[in-house]
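Morning, everyone. Please bring the sequence and the structure up on your screens. I'll walk through the sheet, then a few single residues.

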Amino acid sequence: MSWRDVQRRMIEELNTKIFFDDPCRKLHEEYSSMDIENTNYIQELKNRNNSPERYNGSLIEKKKYDFLVTQSKVLDKIPGYVCRFDDGSYWAWNLKTVTEPDWREQMLPRNSHFGDSTFIPKMVGDLTLKDGKKLI
């Protein structure tokens, strides 16, 4: 299944089970750090191929964190980071209220969904389960 198909399925599931009163719409900027929005939220979606417990949450790239937090102020919306894990659960982090992660450099693929798996250094931090909310 392609990333676009996975993302479409995630949006449909979130809108059906969580955001039914205010559905999220997909943004059309292909390489943006913002995937969906509704009246209250701007959100980045991630599909993780592991359980939420494996890493006690999820990584977030600093540039995505910074972009979402900055855009949330411009748009007066809540910045969210939503991960779907391989057990079917969805976890979300409100980047406005969580403590900013401790940043570290880590070698990761440049772009795993668009064909460039060259490893490059990226600044990343951890979003822990205790700071997140299980949506589904």
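Two strands pair if DSSP finds at least two bridges between them. Strands here are DSSP runs of E with at least two residues, helices are runs of H or I with at least four, and both are numbered from the N terminus. A word on the source: this is a predicted model, where local features need pLDDT of at least 70, side-chain atom pairs count only at pLDDT 80 or more, and totals for chains, interfaces and linings use all residues. Residues are numbered from 1 along each chain as its sequence is written, and side-chain values use heavy atoms, with hydrogens and water left out.

Start with the sheet. In what order do the six strands of the open sheet come? The order is S1-S2-S3-S5-S6-S9, with mixed pairing. Strand S1 (25–26) and S9 sit at the edges, and each pairs on one side only.

Now look inside. S3 and S5 run parallel, joined by seven bridges. There, Leu-45 stands opposite Val-82 in S5. Next, S5 to S6: antiparallel, five bridges. Arg-84 stands opposite Tyr-90 in S6. These two strands make a hairpin with five residues between them, and Gly-88 takes a positive phi near 90 degrees there.

S6 also pairs with strand S9 (residues 133–134), antiparallel, over two bridges. Ala-92 stands opposite Lys-133 in S9. Why is S6 largely enclosed by the rest of the structure? Because four of the five residues of this strand (residues 90–94) are buried. Buried means under 20% relative accessible area; exposed means over 50%, and partly exposed lies in between, with a 1.4 Å probe and protein chains only.

Back to Arg-84. It lies in strand S5 (residues 78–84).

Arg-84 does make a polar contact, side chain to side chain, with Asn-47 at 3.5 Å. A polar contact is a pair of N or O atoms within 3.5 Å; within protein, one must be able to donate a hydrogen and the other to accept it, and residues adjacent in sequence count only if both atoms are side-chain atoms. Leaving aside neighbours within four places in sequence, the contacts of Arg-84 (heavy atoms within 4.5 Å) include Arg-9, Met-10, Lys-46 and Ser-89.

On to aromatics. Rings of Phe, Tyr and Trp (its six-membered ring) pair if their centres lie within 6.5 Å; planes under 30 degrees apart are stacked, over 60 edge-to-face, the rest tilted. The structure holds two such pairs. One of them is Tyr-65 with Trp-103, edge-to-face, 5.4 Å centre to centre and 65 degrees between the planes. It links distant parts of the chain: Tyr-65 is in helix H2, and Trp-103, 38 residues apart from it, is in the loop between S6 and strand S7 (104–111). Tyr-65 is buried, at 6% relative accessible area.

Last, two loop residues. Asn-56 is not a glycine, but has a positive phi of about 55 degrees. It sits between strand S3 (41–47) and strand S4 (57–61), partly exposed at 39%. Asp-76, in the loop between helix H2 (62–75) and S5, has a positive phi near 55 degrees. Asp-76 is exposed, at 68%.
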